[in-house]
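Here is a short report on one protein model. Look at the sequence and the fold, then read on.

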Amino acid sequence: MNRLITTILSALIIVGCSQRAGNDLLWITEGDVHVDAEVTVDASLDLKNDGFIILGGPKDRVIKARTETGALYGKYALQRLERTGKASGCLDIREEPAYERRILNHWDNLDNTVERGYAGWSIWHWGEPVPAELIRDYARLNASIGINGSVLNNVNASPGILHPDTLARVAQIADIMRPYGIKVYLSVNFSSPAALGGLESSDPLLPEVQQWWKAKTDEIYGLIPDFGGFLVKANSEGLPGPQDYGRTHADGANMLAEALESHGGIVMWRAFVYSPKSPDRANQACEEFMPLDGKFRDNVLIQIKNGPVDFQPREPFSPLFGRMPQTRLMAELQITQEYLGFSNHLVYLHPLFKECLDSDTWCNGEGSTIAAITTGKLQPEVYSTTAIAGVANIGRDANWCGHEFAQSSWYAFGRLAWDPSLGSEDIALEWLKQTFTDDRRFTEPVMEMMMTSREAAVDYMMPLGLHHLFAWGHHYGPEPWCDVEGARIDWMPRYYHKAGKDGIGFDRTTEGSGNVLQYHEPLTSMFNSLETCPENLILWFHHVPWTHEMSSGRTIWEEICLHYDRGIKTVRDYQKTWSEMKPYIDSERWEAVNSKLAIQESDARWWRDACVQYFGEFSGMEVPGDVEKPQRPLSELKKIKLDMKHHN
Ligand code: GCV
């Protein structure tokens with residue numbers, strides 16, 4: 001299938017809208033009344049941001065909005081209702097987005113590789129003719145789920161992104177996306193004044209550096225009047241930042257914020273930092289950022305990954321969310337499956353995203369969830385703007401995301417950013433009906449697969465709070481034994497599980513790294529005590545003997561074995577279910593998913609074989625009789641070298 005046709009099919013698949021094809025894809029632009037409704041745009045309407053109202057029955061349907069983009073969202077919403085069989089009666093709907101800025105972060109490089117991207121080259125086609133149709137389709141897909149911002153390039157940013165030639169290209173992309181309500185943002189390299197501008201330093205307190213950023217920002221707004229702002233990764237993983245000059249994150253962020261302020265732009269300053277000297281990586285963001293609370297300008301948001309380490313299959317929420325009450329915070333979720341089997345594994349991520357946003361930080365008593373904090377509900381006076389980011393899983397692959405079901409996590413991110421209270425099941429069903437069929441013989445069993453898939457991945461990769469058992473670098477398969485010669489201690493996976501003859505798990509209690517103290521009560525006490533710590537995080541917070549008795553009455557060793565076994569069996573159940581789904585969808589997509597499930601099942605066994613045998617050597621205990629035994633010897637598994645570069 002050629003790219004154009006598959007692009008169109010995919011577009012129809014995700015938004016589930018018009019059945020028309022070809023250039024008709026532009027049906028949703030202003031003036032095109034595809035939905036059977038009277039559309040009114042009235043700036044005086046009492047609606048927040050790009051909200052909308054849908055009223056009336058099928059014969060007298062009305063969509064009202066304050067903005068053109070709001071009207072567009074109303075049309076998409078009505079089409080979604082039509083396609084999912086919910087538009088037959090009289091509607092009385094009023095929707096306003098929970099977050100003002102709903103942003104995809106692309107980790108795309110100017111050489112068209114995508115860091116942690118598993119769906120092919122960058123869709124921006126840097127250095128090649130602008131793929132206008134492709135970008136239009138991308139924009140339309142995003143608009144259909146309410147996404148209104150795209151950071152085009154990798155947070156590991158090349159100074160070259162701010163070169164005038166590149167900016168001209170960025171402006172072309174912005175022009176294509178504007179009719180769909182999507183603003184363009186850029187990741188910037190903190191040393192750009194020196195690296196690109198030829199200045200001697202990039203010290204944020206030097207007037208010439210401030211002037212350089214101001215001039216550069218003015219240049220960008222000259223080309224892109226609605227430019228969204230900058231995303232910055234600074235003093236993290238070797239990238240430059242204000243600390244190189246003895247300055248703070250606040251000094252750096254505020255300098256950029258000042259340059260953007262008069263244009264209405266924002267700075268999203270990432271809290272993903274860790275210093276090799278600090279004993280617990282999970283402590284480091286709080287240690288570095290808490291002292292800066294209240295010191296950031298109004299147009300700065302601190303962008304925090306959902307967990308304190310790095311997008312693991314399960315982490316507790318990052319305690320930083322509850323520790324900066326005077327600062328605007330936003331969550332960074334990862335849609336691309338860096339630690340979840342790339343685009344080979346079927347893992348529907350809405351449950352993971354929702355687990356984070358629903359987490360109660362207790363920073364202001366019960367109900368201080370991450371959603372309540374970051375949507376500004378808890379402290380409206382602090383939140384002059386609100387935002388949420390998802391690291392994109394999009395590339396040039398015909399199906400956009402590498403796995404047919406990986407689209408569902410892109411879709412889910414957009415729906416969640418619009419309304420974090422929506423349930424995982426509702427979104428999965430919506431997506432299935434629009435993407436495949438509304439035949440219940442298909443949607444019911446397949447939704448069950450989607451709904452259990454995140455937990456299955458946790459089971460067969462890193463159950464019970466285990467984390468970062470990957471080889472350094474590729475983050476695909478298991479290497480709990482991984483020691484990188486000369487590597488810094490905190491990059492060694494053994495550092496994270498601490499398995500030894502005495503037991504397993506990372507002691508983050510008050511007797512250990514003290515990480516529990518970064519949470520508010522009653523969470524500190526709950527995580528600190530072995531009796532009350534949730535078992536699905538036990539090895540995150542505690543180091544326990546192999547014989548530690550779990551609530552099931554079994555030992556932790558037995559539970560580890562059982563979880564790996566359960567993960568494999570769940571994937572086998574998916575294979576069985578999927579084999580029965582053939583009659584309901586086209587053979588091409590059926591085959592594609594089927595072959596990926598075979599990889600997933602084999603990978604799940606690989607994880608089990610590696611982890612159970614490796615940990616078994618420490619525990620000295622036998623695999624329980626009621627689980628399948630590991631198959632491939634450890635010596636063989638240790639020889640597996642994945643041919644994958646750090647980038648892509
Ligand atoms: C973009 C992890 C990933 C890196 C990523 C980094 C980050 O370390 O492995 O690829 O870099 O997080 O989020 O900045």
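Which residue is the bridge partner of Asn 105 in β6? The partner is Val 151.

## The model

This is a predicted model, where local features need pLDDT of at least 70, side-chain atom pairs count only at pLDDT 80 or more, and totals for chains, interfaces and linings use all residues. Residues are numbered from 1 along each chain as its sequence is written, and side-chain values use heavy atoms, leaving out hydrogens and water.

## Strand β5

Strands are DSSP runs of E, at least two residues long, numbered from the N terminus. Strand β5 covers residues 101–105. Five of its five residues are buried, so the rest of the structure largely encloses β5. Buried means under 20% relative accessible area (1.4 Å probe, protein chains only).

In a regular strand, side chains alternate between the two faces of the sheet. In β5, Arg 101, Ile 103 and Asn 105 point one way, while Arg 102 and Leu 104 point the other way.

## Its partners

Two strands pair if DSSP finds at least two bridges between them. Strand β5 runs parallel to β12 (residues 387–391), with five bridges joining them. Here Asn 105 stands opposite Val 391. Strand β6 (residues 149–151) also runs parallel to β5, and three bridges join the two.

## The ligand

For Glu 237 the distance is 2.7 Å. For Arg 116, a polar side-chain atom lies 2.8 Å away. For Asn 156 the distance is 3.2 Å.

Note on methods
Polar contact = N/O pair within 3.5 Å; in protein donor to acceptor, adjacent residues only side chain to side chain. Buried < 20%, exposed > 50% of the residue type's maximum accessible area, 1.4 Å probe, protein only. Helix = DSSP H or I, 4+ residues; strand = E, 2+ residues; numbered from the N terminus.
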